[in-house]
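Open your viewer, switch to a cartoon view, and let's take a short walk together.

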Amino acid sequence: MAPSRPGNRRTRIHVVSDVHGNARDLAGAGDGADALICLGDLVLFLDYADHSRGIFPDLFGVENADRIVELRTARRFEEARQFGASLWAGIGGDRAAAIEEAVRKQYAEMFAAFPTPTYATYGNVDMPPLWAEYAGPGTTVLDGERVEIGGRVFGFVGGGLRTPMRTPYEISDEEYAAKIEAVGEVDVLCTHIPPEVPELVYDTVARRFERGSRALLAAIRRTRPRYALFGHVHQPLVRRMRLGATECVNVGHFAGTGKPWALEW
């Protein structure tokens with residue numbers, strides 16, 4: 001991290017999202033910055049670019065990972081659920097316990113890689129109840145909350161909205177809107193999912209529209225933050241666009257790029 005400088009110094013923040021198991025690059029993501037912000041999705045269940053990586057292929061093999069990606073990409077979600085259920089039935093045991101054990105291993109590595117200070121919120125594939133066990137004193141976890149960094153107010157809202165994918169931290173539109181409301185007016189609004197704008201929610205590789213938030217879009221138009229930062233969509237049609245006074249930025253699929261997005265003032 002950058003050394004502390006007295007007086008009227010500039011502040012530099014690095015922002016990442018969708019880390020998905022990339023602990024190697026995460027360890028250096030805060031280099032040269034005063035703080036790191038992480039917008040969630042630390043866990044890697046299945047890498048859609050490399051089907052050999054993640055919890056799913058570790059448990060069921062690459063061929064089965066190929067098949068489930070094929071079904072999900074074709075939006076055949078019910079078939080994908082049935083196929084997944086058959087795989088779990090084939091190995092027996094406690095499904096929840098097996099997933100939690102694998103997630104714990106990833107979290108131990110991910111949280112150990114966070115620099116100090118780090119400000120983080122949950123992604124839709126994260127398991128919030130486990131974070132308190134792994135977040136050290138240098139990591140501040142925020143969800144529906146605000147914090148001041150370098151004289152600017154940052155608001156954080158984690159998680160995703162409900163989808164047929166049924167990832168671990170999906171919540172109702174009403175609960176999500178309440179968290180947006182709790183954050184209120186801020187200089188920088190940090191969320192895992194984007195506002196509901198077609199260009200920002202369409203994934204060009206997965207060939208589908210991901211779920212964005214209409215409540216987030218309304219809040220951006222109403223409160224006019226300087227920046228709205230988010231991830232979730234790995235290969236968006238548009239990575240950056242202005243909505244009124246607000247610069248909306250997809251801060252990148254960190255698992256694929258290994259590079260943080262920098263904000264300096």
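Start with the open sheet, where five strands run in the order β4-β3-β2-β1-β15 with mixed pairing. Its edge strands, β4 (139–141) and β15 (261–264), each pair on one side only. Strands here are DSSP runs of E, at least two residues, numbered from the N terminus, while helices are runs of H or I, at least four residues; two strands pair if DSSP finds at least two bridges between them.

A note before moving on: this is a predicted model, in which local features need pLDDT of at least 70, side-chain atom pairs count only at pLDDT 80 or more, and totals for chains, interfaces and linings use all residues. Residues are numbered from 1 along each chain as its sequence is written, and side-chain values use heavy atoms, leaving out hydrogens and water.

Now select residues 12–16: this is β1, antiparallel to β15 over four bridges. Ile 13 stands opposite Leu 263 of β15.

Next, select 62–73, the twelve residues of helix α3. Show the side chains of Ala 65, Ile 68, Val 69, Leu 71 and Thr 73, its buried residues (buried means under 20% relative accessible area, with a 1.4 Å probe and protein chains only). Their cover includes α2 (55–60), α4 (77–91) and β11 (208–209), counting heavy atoms within 4.5 Å as contact. Just past α3, Arg 75 has a positive phi of about 65°.

Last stop: Asp 34, in the loop between α1 (23–26) and β2 (35–38). Is Asp 34 buried or exposed? Asp 34 is buried, at 14% relative accessible area. Its side chain makes a polar contact with the side chain of Arg 9 at 2.9 Å; such a contact is a pair of N or O atoms within 3.5 Å, where, within protein, one must be able to donate a hydrogen and the other to accept it, and residues adjacent in sequence count only if both atoms are side-chain atoms.

Key
Expected span 1.5 Å × (residues − 1). Buried < 20%, exposed > 50% of the residue type's maximum accessible area, 1.4 Å probe, protein only.
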